[in-house]
Amino acid sequence: METLDWMFAQLPMYQQKGKVAFNGKLDNIKALSAHLNHPEKKFKSIHVAGTNGKGSSSHMLASILQQAGYKVGLYTSPHLTDFGERIRINGGTIHKQSIVDFIDENKPFFEKHQFSFFEMSVGMAFEYFAQNKVDIAVIEVGLGGRLDSTNIIVPEVSLITNIGMDHADILGDTLQKIAMEKAGIIKEKVPVVISEYQEEIADVFKLTALEHNAKIVFADQTIQEEYGASLLGNYQSKNAKGVVAVLRELKGFEVEEEHIQRGFENVVENTGLLGRWQVLQQNPTVVCDTAHNSEGLSIVLDQVKQQNFDKLHIVLGFVKEKNLETVLPLFPKNARYYFAKPNIPRGLDASILKTQASRFGLEGKIHGSVSKALKNALHYASNTDFIFVGGSTFTVAEVV
C-alpha cells in the first residue's frame with residue numbers, strides 16, 4: 001500500500017532501525033495533536049506501560065470492556081503482519097481508506113515537521129478513536145513512557161506491568177532508571193496500578209505517585225482471586241491481576257465478574273492478538289512467542305520445559321542490539337537449533353548468532369530465512385517433538 005510505504009520511509013522507524021529512531025521529545029506529538037484539534041481529549045483512555053506483559057494486558061483490558069458492551073479502541077505496537085493491527089476498534093483493524101485519508105489530509109504538515117513513523121501512527125490512532133466516538137481506548141506505550149508519543153493523554157487509570165532490562169541503551173542501564181521512565185506515565189490524581197510488586201523498584205513508583213497525588217495499587221498484593229486467561233502461558237496470571245485491579249479503579253464503567261471471566265476467555269477472538277504462546281500446529285507441536293528479553297524469555301522457556309515431547313527444536317532469531325550474554329544462557333542445551341536472521345535491517349546475522357550460541361553450548365545450523373528454518377525444523381521433527389519459534393517479535397512475525 002503506497003500510503004504505508006510513504007509512512008515507513010519517513011524519519012527512521014524504531015521497528016526497523018532501533019535506537020536512531022527514538023526521538024525522546026514530546027514537542028512533535030504535541031504539535032500534531034494541536035494540528036488535529038486534540039483528538040486525545042475526545043475519548044476516555046487507559047494507559048499501559050511496562051517491559052513485559054503490556055501488550056497482553058492491553059488486549060485483556062480491551063476484551064473485557066468489549067464483553068461489558070463498550071465500544072473499545074486499542075492502540076498497540078509493533079504490528080506482526082499488518083499495520084492495521086496497531087489500531088483497532090472492538091477487534092476490527094483500522095480501515096485502509098482511513099489510513100489513506102489521514103495521510104493525504106495531513107501530508108504537507110507531516111513533511112514540514114518531519115514527523116516520525118510512530119508519531120504519525122499515534123496521531124492517526126487518536127484521530128480514528130475520536131472520529132468513531134469510542135467509549136474508551138486502551139493505549140499501549142511504544143517505548144519507555146515519560147517521553148513516549150502516547151504520553152500526552154490523561155487517562156482514567158494508568159497500568160505499569162513487569163519491569164525488566166530491555167532497551168537499556170535508550171531507557172537506562174539499571175532497573176531503577178528504566179522504572180523511572182515507565183513511571184513517567186503517572187499523572188496528577190490519576191490512579192496507577194502496578195501489576196507486580198518488585199522490591200528493588202517499588203519505591204520509584206511510590207514516590208512518583210506521591211508527587212502526583214495519585215493512588216497507587218500493587219495488584220499482586222491486593223487481588224486475591226486467580227484468573228485464567230485464554231492466552232496460554234503461565235506468565236499471564238500476573239498480567240491478569242493487574243488488569244482486574246485497573247477495572248476496579250475505573251470509574252463510570254459497569255464491568256461485572258461475568259464480563260471479566262468471558263473477557264479473559266475470549267481475548268484472541270475479541271482483539272485479534274497474535275504471538276503470545278500461539279500454537280501454530282500439532283503433531284509436531286509448533287509454538288511461537290514474542291518474548292524477547294531475559295525476564296520474558298526465562299518464563300516462556302520454563303513453560304517449554306514443562307511440555308511433553310521427545311525432542312526439542314528451536315527456531316531462533318534476534319535483533320542486532322540484543323544482549324546475547326543475558327539471553328542465550330537461558331536456552332536449553334539439549335535442543336536442536338535453527339538459526340535465522342529476521343528479515344529487517346536490525347536483524348542479527350545468523351552466522352554471528354550461531355557463533356555466539358555455541359559459546360553457551362547451543363548447537364545448530366544457519367538458515368537463509370526464518371521460514372526456511374521452520375521448514376527444516378518440521379522436516380527433522382517427528383510427530384511427538386516440540387518446535388519453539390522465538391527470540392524476537394520479528395522472528396515470530398515471519399511465521400504467524
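Is tryptophan 277 buried or exposed? Here are some notes on that residue and its surroundings.

1. **Basis.** This is a predicted model, in which local features need pLDDT of at least 70 and side-chain atom pairs count only at pLDDT 80 or more, while totals for chains, interfaces and linings use all residues. Residues are numbered from 1 along each chain as its sequence is written, and side-chain values use heavy atoms, with hydrogens and water left out.

2. **Tryptophan 277.** At 6% relative accessibility, tryptophan 277 counts as buried; buried means under 20% relative accessible area, exposed over 50%, and partly exposed in between, with a 1.4 Å probe and protein chains only. Its phi is near 40 degrees, a positive value in a residue other than glycine. Tryptophan 277 sits in the loop between helix H13 (267-271) and S9. Helices (H or I, at least four residues) and strands (E, at least two) are DSSP runs, numbered from the N terminus.

3. **Lysine 133, for contrast.** Lysine 133 also has a positive phi, of about 50 degrees, although it is not a glycine. This lysine belongs to the loop between H6 and S5, and at 68% relative accessibility lysine 133 counts as exposed.

4. **The sheet.** Six strands are what you will find in an open sheet with mixed pairing, in the order S9-S10-S14-S11-S12-S13; two strands pair if DSSP finds at least two bridges between them. Strand S9 (278-281) and strand S13 (364-366) are at the edges with a single partner strand each, so one side of each is left without a neighbour in the sheet. On average, neighbouring strands are turned by 20 degrees against each other, direction ignored. Axes here are lines fitted to C-alpha atoms, for helices over the stretch in contact, and angles run from 0 to 180 degrees between N-to-C directions.

5. **From S9 to S10.** S9 pairs with strand S10 (residues 285-288) in the antiparallel sense over 3 bridges, and glutamine 281 has valine 286 in S10 as its bridge partner. The loop between S9 and S10 holds proline 284, which is joined to asparagine 283 by a cis peptide bond with omega about -5 degrees.

6. **Strand S14.** S14 is mostly covered, with 5 of its 5 residues buried. Phe386, Phe388 and Gly390 lie on one side and Ile387 and Val389 on the other. In a regular strand the side chains alternate between the two faces of the sheet. S10 and S14 run parallel, joined by 4 bridges, with valine 389 as the bridge partner of cysteine 288. S11 and S14 also run parallel, joined by 5 bridges, and leucine 312 stands opposite phenylalanine 386.

7. Helix H16 (residues 350-359) touches strand S11 (312-316), strand S12 (335-339) and S13, and its direction makes about 160 degrees with that of S13; contact means heavy atoms within 4.5 Å. Helix H17 (residues 370-380) lies across S9, S10, S11, S12 and strand S14 (386-390), running at about 170 degrees to S11. The buried residues of H14 pack against S11, helix H15 (324-327) and S14; among them are Leu297, Val300 and Leu301.

8. **The nonpolar cores.** A nonpolar core is a set of buried Ala, Val, Leu, Ile, Met, Phe, Trp, Tyr and Cys residues joined through side-chain atoms within 4.5 Å. The largest has 34 residues, and Met7, Ile87, Met124 and Phe129 have the most contacts inside it. Helix H1 (2-8), helix H3 (27-35), strand S3 (87-89), helix H5 (96-113), helix H6 (117-131) and strand S5 (136-140) each supply at least two residues of this core, with the largest share, 10 residues, coming from H6. A second, separate core of 32 residues includes Ala62, Val217, Val244 and Leu250.

9. **Helix H5.** This helix bends by about 65 degrees at asparagine 106, and proline 108 follows within four residues. The bend at a residue is the angle between axes fitted to the seven residues ending there and the seven starting there. The buried residues of H5 pack against H1, H3 and H6; Phe102, Phe109 and Phe110 are among the buried ones.

10. **Another cis peptide to look at.** Serine 77 and proline 78 are joined by a cis peptide bond, with omega about -5 degrees. Proline 78 is found in the loop between strand S2 (72-75) and S3.
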